[in-house]
Amino acid sequence: MKSGLPLSPVRVMIVEDSLVMRRLLAHIVSRDPRLALAAAVASAEEALQELPRVRPDVISMDIRLPGMDGLEATRRIMAEHPTPIVVIAGAVQDESFNISMNALRAGALSVVEKPVGIETGGHEQIAETICTQLYIMSQVPVIRQRPSIAPRLRPPLPDAAPRPAQAPAVLAIAASTGGPPALAQVLGALPVDFPLPVLLVQHMGAAFMEGFANWLDGLVPLPVRLAEEGTVPKPGHVYVAPGDRHLLLSPQNTLRLSLEKPIASQRPSATLLFRSVATAAGARALGVLLTGMGEDGAIGLAEMRQAGGYTITENESTAVVYGMPAAAVRLGGSSLSLPLPAIGPRLLQLARKEAFG
């Protein structure tokens, strides 16, 4: 079909306890030709009961629910009836945002802003974002989430992979769909004395970036903060691209925030981050591209490798969506492909003097 629409609309289950919000979400979903409302329920318990009968293609999940909350509901769904889940989050300063981020760790695919009333400014943009996320995420294959029995993958031995020619001076890392838990795992393997500054791009709604940085800061040993214009990045610190701004490293080794147009519909763009790091650090650049839909970052990672930098892509065996890493591999932008649990330990090896030469 030239329209690009599926043969039949994507079936959406809405889980939302507020009657007003449930009706608003149902209205938003029902008017999008890509989507069809399969069910709208008021509790997690009802969702779990109805799932085997309704069999939706994707679930819109509220977090604050009576009884079982959205985090536990996500865990149960991913263990019993794996289905793509999009978290619909309320006020971004609310304490429930941490629950939303933990739902991503439990298997939800993305988090989007809860809509406001139809008469409120910005409603149409938020509604379009919700529908697009529901449609896109419905296409992502999901598997049962059973962390307690997940296999432990050993990192490669020091001689199992190529080494960089020079000691890295900066680490740039990027992710999209499935990124928050992947980033938490990679950065969680780096100690507080990690000798490189870390520049990070995660595709996520602009309203959520401060909450994301705070959530990550509470999970990993390294301090995490939103990047600010003109900052000289310090070793052992993580700088997150803020909402709707490109993050760049200048040749003077300062951080720059840019309102340059989006690249591949993304701002911040992983490609622009990698490109700037390639220019500023050359052979002393270290780049990592994790799970994500689309191709953002692939060209930039290839440019980083062409400039002599060392680049790692997440292996297909662990990527939630093997889109961005696959594109980088196709372009020759990957020095090494590793499963997620091996990336952090390898980065630590690369940051040490004995890992290069």
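How far apart in helix α2 are Glu50 and Arg53? Glu50 and Arg53 are three residues apart in helix α2 (residues 44–54), so about one helical turn separates them. The structure is a predicted model, in which local features need pLDDT of at least 70 and side-chain atom pairs count only at pLDDT 80 or more, while totals for chains, interfaces and linings use all residues. Residues are numbered from 1 along each chain as its sequence is written, and side-chain values use heavy atoms, with hydrogens and water left out.

**The chain as a whole**

- The secondary structure comprises eleven helices and 14 strands, where helices (H or I, at least four residues) and strands (E, at least two) are DSSP runs numbered from the N terminus.
- Of the 357 residues in the chain, 53% count as buried; buried means under 20% relative accessible area, exposed means over 50%, and partly exposed lies in between (1.4 Å probe, protein chains only).
- The chain has an accessible surface of about 15,500 Å², and carbon and sulfur atoms account for 52% of that surface; accessible areas come from the Shrake-Rupley method with a 1.4 Å probe, and for residues only the protein chains shown count as cover.
- When contacts (heavy atoms within 4.5 Å) are taken between residues at least 6 apart in sequence, 73% of them join residues at least 24 apart.

**Helices α6 and α11**

- The axes of helix α6 (residues 179–188) and helix α11 (residues 340–351) come within 7 Å and cross at roughly 35°; these axes are lines fitted to C-alpha atoms, for helices over the stretch in contact, and angles run from 0 to 180 degrees between N-to-C directions.
- The crossing of α6 and α11 is right-handed, a term for the near helix being turned clockwise from the far one by less than a right angle, with left-handed used if it is turned anticlockwise.
- Ala182, Gln185 and Val186 of α6 meet Leu340, Pro341, Ile343, Gly344 and Leu347 of α11.
- By class, this contact between α6 and α11 has six nonpolar, two polar and no charged residues; Ala, Val, Leu, Ile, Met, Phe, Trp, Tyr, Cys and Pro count as nonpolar, Asp, Glu, Lys and Arg as charged, and the others, Gly among them, as polar.

**Salt bridges**

- The structure holds twelve salt bridges, each defined as a side-chain nitrogen of Lys or Arg within 4 Å of a carboxyl oxygen of Asp or Glu.
- Glu50 and Arg53 form one of these through their side chains (2.3 Å, N to O), and whereas Glu50 counts as buried at 18% relative accessibility, Arg53 is exposed at 61%.
- The side chains of Arg275 and Glu303 also meet in a salt bridge (2.7 Å, N to O); Arg275 lies in helix α8 (residues 270–281) and Glu303 in helix α9 (residues 298–306), so the pair ties together parts that are 28 residues apart in sequence.
- Arg275 counts as partly exposed at 32% relative accessibility, and Glu303 is likewise partly exposed, with a relative accessible area of 26%.
- Arg330 and Glu295 are joined by a side-chain salt bridge (3.2 Å, N to O), which links distant parts of the chain, with Arg330 in helix α10 (residues 324–330) and Glu295, 35 residues away, in the loop between β12 (285–289) and α9.
- Both Arg330 and Glu295 are exposed.

**Surroundings of Ala127**

- Ala127 is placed in helix α5 (residues 123–137) and is buried, with a relative accessible area of 2%.
- Leaving aside neighbours within four places in sequence, Ala127 is in contact with Ile28 and Arg31.
- Ala127 and His27 are 100 residues apart in sequence and 9.8 Å apart in space, C-alpha to C-alpha.
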